[in-house]
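Colleague: Could you take a close look at the aromatic side chains here and describe how their rings are arranged?

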Amino acid sequence: MKKAIFGLGAIAVVVATSAAAKDEQAMASDDVIAAQRAALAAATDGKGYGPQSPRDISTAAGNNTRVFSEAPAATAMSLCDIHFHENAEHKGGEFTTYAGNGDGHGYGTGFKYDGTLSAAELAPIDRVIGASEHGDLVPGDTIEVHFVHSTAQASLGNSLGTCLSEAIGNPQLRVETVVAVLVSEGGADFNQMAKIEQINGLNQVPNLPDTLGTPVVYEGSTTGPGYNEKGSPFQVTWSVRPQVAKVNIGSLGDWLEDNPFDEDHAHGVRNLVLNPDLLSAID
C-alpha cells in the first residue's frame with residue numbers, strides 16, 4: 001500500500017527507459033539489503049508488531065501470533081484507493097523472477113512476470129507512460145495493483161488517509177491485489193478493470209479479475225519502501241491473485257492522466273519480508 005510519497009501524451013521524440021536499461025541500472029549491494037533486514041528485525045523485536053507484508057505467498061509458515069480478524073469480503077467494504085507498484089511486491093504464482101536489489105530505496109527491485117511475451121506485445125510505443133524521477137513504464141514491465149478497501153465510510157483519494165475515518169478509529173482494511181504485465185498489443189483495458197461504481201451505497205470495482213486463480217488470503221500490513229527498516233502498525237487482510245493479467249500499457253497511461261486518486265506513476269517496493277517472526281501463518 002502507498003505512502004505519502006505520492007501523463008504524458010505522444011511526443012515527437014520519445015525518451016523511454018527500456019527494460020534492458022532498467023536492468024543495467026546500478027543496484028544496491030546485498031550488504032545494503034541485509035542491513036535493512038537487520039534494522040527491521042531490531043526495530044520490531046519484542047515491540048508487539050503484527051504480521052508484515054509483502055511476503056512469498058507460496059510459503060504458509062509464519063510465527064507471528066498477533067491476532068486480528070480477517071476483513072469482510074470486498075463487496076461488503078468501500079473502495080478507498082487504487083495505486084500500483086513497479087514490479088510485484090509479493091512473490092509467488094507467476095511472479096517469482098527477482099528483479100534485483102534495486103537502488104536500495106524500493107525502485108528497481110521486486111518480482112517480475114515469469115512468462116514470455118510476443119514481439120508484438122513487447123513492441124515499443126510512441127508515448128512515455130508514468131514518468132517520474134525513477135524512470136517510466138514500458139511494455140514488458142510488471143506492476144502490482146492494490147485495490148484498497150475499508151470498513152469505514154471512506155472517500156476516494158490519494159493516500160491511506162482516505163481509507164480512515166474520524167468516526168471509526170480502527171477500520172478493517174483489505175487489499176485486493178492484481179499483478180499484471182504491461183503489453184503494447186492486446187491486453188485488458190485498465191480503465192475498465194479499475195472502473196468504480198456505487199453498489200449498495202459502497203464504492204466498488206466490479207470488474208476485478210476473477211480468472212487469475214484462487215487468491216491467497218492472509219493477514220499482513222501496509223507496504224512500501226518506507227517500511228524497509230521499521231514495522232508497519234496497520235493491520236491489513238491481503239487477497240493476492242497468483243496468476244498474472246496482461247494489461248494494455250496505453251490504457252494504463254490513460255488512467256494515470258485521469259483518475260480520482262491523483263496517481264501519475266508507479267510506487268516503490270518494500271523488501272520481501274522473510275523474518276518468520278513477522279509473518280502470519282496462512283491457513
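Modeller: Trp255 is buried, with a relative accessible area of 5%, where buried means under 20%, exposed over 50% and partly exposed in between, for a 1.4 Å probe and protein chains only. This is a predicted model, in which local features need pLDDT of at least 70 and side-chain atom pairs count only at pLDDT 80 or more, while totals for chains, interfaces and linings use all residues. Residues are numbered from 1 along each chain as its sequence is written, and side-chain values use heavy atoms, with hydrogens and water left out.

A search of the whole structure gives 3 aromatic pairs, a pair being rings of Phe, Tyr or Trp (its six-membered ring) with centres within 6.5 Å, called stacked if the planes are under 30 degrees apart, edge-to-face if over 60 and tilted for the rest. Among them, Phe190 and Trp255 are edge-to-face, because their ring centres lie 5.1 Å apart and their planes stand at 80°. This pair links distant parts of the chain, 65 residues apart, with Phe190 in helix H3 (residues 190-193) and Trp255 in helix H4 (residues 249-257); helices are DSSP runs of H or I with at least four residues, numbered from the N terminus. Trp255 also pairs with Phe261, and since the centres are 6.4 Å apart and the planes at 35°, that pair is tilted. Phe190 counts as buried at 1% relative accessibility, as does Phe261 at 0%, and Phe190, Trp255 and Phe261 together form one aromatic cluster.

Conventions
Helix = DSSP H or I, 4+ residues; strand = E, 2+ residues; numbered from the N terminus.
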